[in-house]
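I opened my notebook to look up a few things about one protein chain. Here is the model I had on screen.

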Amino acid sequence: MKVRIKTPDGEPLFYETTGAAGFYFKCSQDYTFEPGDFMLVETDTVVEIPEGYMLQIQPRSSTYKKHGLMQANGVGI
């Protein structure tokens with residue numbers, strides 16, 4: 001299966017550890033959150049998915065614990 005990914009800085013996405021199931025998306029700019037803030041975070045990443053497949057955007061289980069951040073709708077499809 002061929003998947004095309006275009007990132008804003010031209011750098012490829014990569015697996016953080018051996019055996020990882022997914023990539024980290026990078027923000028296109030720095031953001032500062034205050035307690036209670038909600039904000040759309042842009043990645044400027046374009047992914048071309050083959051027909052018959054889907055892309056899921058899921059937060060890591062440790063993101064909330066480490067950074068207090070969570071994905072508003074839980075799962076993006």
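What follows are my notes, from the whole chain down to single residues.

**Ground rules.** This is a predicted model, where local features need pLDDT of at least 70 and side-chain atom pairs count only at pLDDT 80 or more, while totals for chains, interfaces and linings use all residues. Residues are numbered from 1 along each chain as its sequence is written, and side-chain values use heavy atoms, with hydrogens and water left out.

**Whole chain.** I looked up the elements and got 1 helix and 2 strands. Helices here are DSSP runs of H or I with at least four residues, strands are runs of E with at least two, and both are numbered from the N terminus. Starting at the N terminus, I read the order as β-β-α. The C-alpha trace spans about 40 × 25 × 25 Å along its principal axes.

Then I checked how much is tucked away: 6% of the 77 residues count as buried. I noted the cut-offs: buried is under 20% relative accessible area, exposed is over 50%, and partly exposed is in between, with a 1.4 Å probe and protein chains only. The accessible surface comes to about 6,900 Å², and carbon and sulfur atoms hold 53% of that. Those areas come from the Shrake-Rupley method with a 1.4 Å probe, and for residues only the protein chains shown count as cover.

For contacts (heavy atoms within 4.5 Å), I took the ones between residues at least 6 apart in sequence, and 32% of these join residues at least 24 apart.

What is the volume of the largest pocket? I wrote down about 1,900 Å³. Of its 49 lining residues, the closest to the centre are F25, I57, Q58, P59 and Q71. Helix 1 gives the most to this lining, with 3 residues.

I had to look up the term: on a 1 Å grid over the protein atoms alone, a pocket is an open set of points where a 1.4 Å probe fits, with protein on both sides within 12 Å along at least five of seven lines, and lining residues have an atom within 4 Å of a point. For the volume, grid points are joined across faces, edges and corners, and the space filled by probe spheres set on them is taken.

**Nonpolar patch.** I also found a nonpolar surface patch of about 760 Å², made by V3, I5, Y15, F23, F25, I49, Y53, L55 and I57. Patch residues have over 30% relative accessible area and no salt bridge, and like charges are joined within 9 Å, nonpolar side chains (Val, Leu, Ile, Met, Phe, Trp, Tyr) within 5 Å. A salt bridge is a side-chain nitrogen of Lys or Arg within 4 Å of a carboxyl oxygen of Asp or Glu.

I zoomed in on I49, which sits in the loop between strand 2 (46–48) and helix 1 (63–67). I49 counts as partly exposed because its relative accessibility is 30%.

**Around T45.** Is T45 buried or exposed? T45 is buried, because its relative accessible area is 18%. I placed T45 in the loop between strand 1 (4–6) and strand 2. Leaving out residues up to four places away in sequence, T45 touches I5, K6, T7, P8 and F25.

D44 is in the loop between strand 1 and strand 2, and its phi is near 50 degrees, a positive value in a residue other than glycine. With 45% relative accessibility, D44 is partly exposed.

P8 lies in the loop between strand 1 and strand 2 and is partly exposed at 49%. With residues up to four places away left out, P8 touches T43, D44 and T45.

**Distances.** Last, I took some C-alpha separations. P8 and M70 are 62 residues apart along the chain, and 23 Å separates their C-alpha atoms. For E16 and Y64, 48 residues apart, I got 18 Å. M54 and C27 are 27 residues apart, with 22 Å between their C-alpha atoms.
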